[in-house]
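Good morning. Please take a look at the model on the screen, and then I will go through the chains and one interface.

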Amino acid sequence: MRHLAVILAVLTLAASAAAVAAEAGAQITVALLPKKKGVAYFTSCAAGAEQAAKELGNVTLIYDGPTDGSPEKAAALIEKWTLKGVDVIAVSPNDPEVLAPAMQAAMAKGVKVITWDADGAASSRSFFVNQATGTQIGEAMVDAMAKDLGTPAGKVAIVTATLTAANQNAWIAAMKAHLASAYPKMELVAIKPCNEDQKVAFQVAQDLMKAYPDLVGIFGISSVAFPGAAEAVKQAGRSGQVLVTGLATPNAMKGYVKDGTVKSVVLWNTRDLGYLTVRVARALADGVLIPGATSFAAGSLGSKPVAGDAILLNNLLVFTKANIDQFDF
Amino acid sequence: MKLGAYRYWHETVLAALIAALMIGAAVVDPRFVSWKTQIALSSHVWELALLAVPMTAIIITAGIDLSVGSAMALSAVVLGLAYQAGANAWLAAACGIVAGALCGTFNGLAVAWLRVHPLIVTLATLAAFRGVAEGISLGRPISGFPASFTVLGLGTIAGVPIAGVIVALIATAAGLALARTPSGLSLYAIGHNPAASRFSGLPVARLTVALYALSGTCAGLAAAIYVARRNTAKADLGTGLELDVITAVVLGGTSIFGGSGRIIGTVLGVLAIHETREFVGWHWEHEELNAIVVGVLLIAAVLLNRLFTRPTR
Amino acid sequence: MTGAWLRSREAGVAGLILLTVAAVGTINPRFLSVENARDILIAASPGLIVACGATLVIVLGEIDISMGALMGVCAAVLGKLVSAEHAGLPVWLATLIVLSLAAGIGLINGLLVTVARVPSIIATLGMLTILTGVGDLLMAGETIGGFPDSLRAFAIGHVGMLPMPVLVALACLAAFTVLTRETALGRRIYAVGSNAHAARLAGLPALRLKVLAFTLTGLLTGVATLISAPQLEVIEAGFGRQFELFVVTAVVVGGASMSGGAGSIAGSALGVLLLSLVRTALIFLQLGIGATYWERAIQGGFILAAVLADHVSRRRRVQR
């Protein structure tokens, strides 16, 4: 019985290897799913992905996602692509829990599923193109704030996307833990949602500064919350007294970094992230990338390390007045 | 033959539109119209269909329920918390449905007894129900439901999704109740003239409360199906669903002023929205187009209806 | 006369505002600062402006729910027109184009409702959906920045003590109060709203009034975009989303009736102020991080209480 199982396993492996070999280099379709379509951050990732597809020449790229960031619509897109028979689906899950069943179903149908930008449940994808983990991102924002403040002490507040945003909630958890362990003198006094509306972020930040006159810092932890909060500090004439940091594309923040409202912006090279994702998708379809690999040749990005099932982009960037002009995305 | 004599013009036009869409789709991409694809894509429509049924009855009485998406979220969260607290998943689903029914009853009481305009009541509870859902769940997702429960959202009977069977049964029952029972027929009277209905002895208040309670109950059932399908209960589900539901009902020929409308029209309205959306997504891969196409479809359908029916007032 | 006013809806909402301000001010005196009042008024001004038009529409027995998406389209068009990175048109020309576009969309709404006899909630729901998609396509996933300084200065500037947006809002409120209370046009609008049939028999041009109200609402949405979008350095897709929900709720809280004929500019303005206060008030109460999750429920409860309390008291008056 056991022999039979072994033989079967070997046969399946051989068959799949043969299938893979036959496919290698063939035209494939890769679907790239962002958390929310229409956001500058994801648009710049898509530009990088487009570049990789063009370089490879044998990848048809689909870039689509929910314009309102709805997890249900994202899951519906995954199901649609599975039915259409795309070869690889690269998911940036706006809600890992909601998307997991659809991703698992896609894998069961033979579609290669990877995550990028944010990870999903390990059972719902084969690889994760990791620019940084949720913990790393949360800690990087707290560290940037501490460094900008000079003396890491005083009241800080978070302006988040929505109260149900899965990624932001993961970062907040990491930020809370890191604040408690590394900077006990920094006190988190409020977490307020802006409902992904820049105007609301602006008003919430205004209110926070008045309600807590001794506030020293605001984290804007979405690409909408960050510029809104920075604008509020700038208009209140408190640039330099209340520091703002967070995640956003450099183009959206250049003005605030130059006038000193924002000292550092935490992000990674988004074009590179999109580029690497498509490269990984291609390699996976070709059977070149297999579990156990320790490095990955990512075209013009050179060799990227692989840790377990994560391909690391490894370039968490901090944009400051000194370097922000070198980036255009 | 007089145009006005045939009662099913709207349904006929709608059915023709859907048929035309499907034929066009079959030419462009035969895979889209295959049975397998259609069955798989149908899972995206059950909640919408389920909520559209009671919404039809409510709009027939010249009412409206904007809180259905929020009531669904609250029901889902109650379901999730009950399950987390150790209840059996099916018992938890029952708790969720009861929560939905309570939401609906609240709306109904405010509309019938306090005589507040339903648009106003449900505009307020749209915020309130979702607020309570966020509050009791702290915005966190609850997942890990057993396979014995997720079958409600994923399972099939003889190739037909279980959720679809449930929706079909409820729609048929509602269609018969509206067309054949005294209570159902009196809803049309309420929609035409509530004061006259009251004076002629119809239990307007009781029927109204029952109707909104039913809407809440269906929201609870929709929540259970959704949670089973996505294996997750969370306070943000069903956001904006109310507008889709109203669009489907009006597309189906129910007059927003009350007094007319049929379940069969709503079923076609739901189908028209569903197929249009899925095909636009399937063929063009641009989510932005979905909104534009559905909006145009809605206005065009009402304009077409004007062409085929005579002015009633 | 004063007695009647004290029992009016406006007095009720004003009382609720005073009560909220007093309660929050007692707990946290910083809430009462001039700065805070100024910020609340600036934040409320787009709502105040658009509520003027929305009130007319609701008094006429119709409804407009397309304002939020229209605002998004206006912001995108404005950005594309004036930004140096895009068309780089002169500010006056871009302003003119945006205002005509906004009024044009309002006009289409009005014609759909009157000439094509599409129910207003359906016509404007369709418009809301279409404009949401158009706005997303126009933004094309980019941020638009680089508003010229003159436009920025207009949106965040002051005239004496008064911030520019507040000044524009006050001007709109004054104009529409005069329009509704002192002119024949205003009286006709209320006449049509309270009894369309009688108004038609009296020869009032109900359809033309409705077209006017929808067009004005569109135009005011354009104005609101002009004073609010350049307050931000960059705009992103989704600008103005759900704004319609806020305005309609505020007008309803301010006493307008969904069946037409009732409602006032003053009431709607107070409704906008009350709703704008709630979020700020919750922040100043410093309820702690856990309470954040209950904010939406508190806001919803507040709206519900305001609406239900008024209806209960009105019914009691009627019964007496």
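A residue is called buried when its relative accessible area is under 20%, exposed when it is over 50%, and partly exposed in between, using a 1.4 Å probe and protein chains only. By that count, buried residues make up 57% of the 313 residues in chain B.

Before going on, some ground rules. This is a predicted model, where local features need pLDDT of at least 70 and side-chain atom pairs count only at pLDDT 80 or more, while totals for chains, interfaces and linings use all residues. Residues are numbered from 1 along each chain as its sequence is written, chains are lettered from A and ligands numbered from 1 in the order in which they are written, and side-chain values use heavy atoms, leaving out hydrogens and water.

Back to chain B. It has 14 helices and four strands; these are DSSP runs numbered from the N terminus, with helices being H or I of at least four residues and strands E of at least two. Its C-alpha atoms fill a box of roughly 65 × 55 × 35 Å along the principal axes. The radius of gyration, taken over C-alpha atoms, can be set against a globule rule of 2.2 Å times the number of residues to the power 0.38. For 313 residues a compact globule would come near 20 Å, and chain B agrees, because its value is 20 Å.

Chain A has ten helices and 14 strands. Its radius of gyration is 21 Å, close to the 20 Å that the rule gives for 329 residues, so chain A is as compact as a globular protein of that length. Of those 329 residues, 61% count as buried.

Now the interface. How many residues of chain C are in contact with chain B? There are 37, and they touch 43 residues of chain B, contact meaning heavy atoms within 4.5 Å. The area buried between the two chains is about 3500 Å², with 82% of it from carbon and sulfur atoms. Buried area here is the accessible area (1.4 Å probe) that two parts lose on being put together, summed over both. In chain C, the residues that lose the most area to chain B are C:Ile122, C:Tyr293 and C:Arg296, together 16% of what that side buries.

The rule finds one salt bridge across this interface, that is, a side-chain nitrogen of Lys or Arg within 4 Å of a carboxyl oxygen of Asp or Glu. C:Arg296 forms a salt bridge with B:Glu134, and the closest N and O atoms are 3.0 Å apart.
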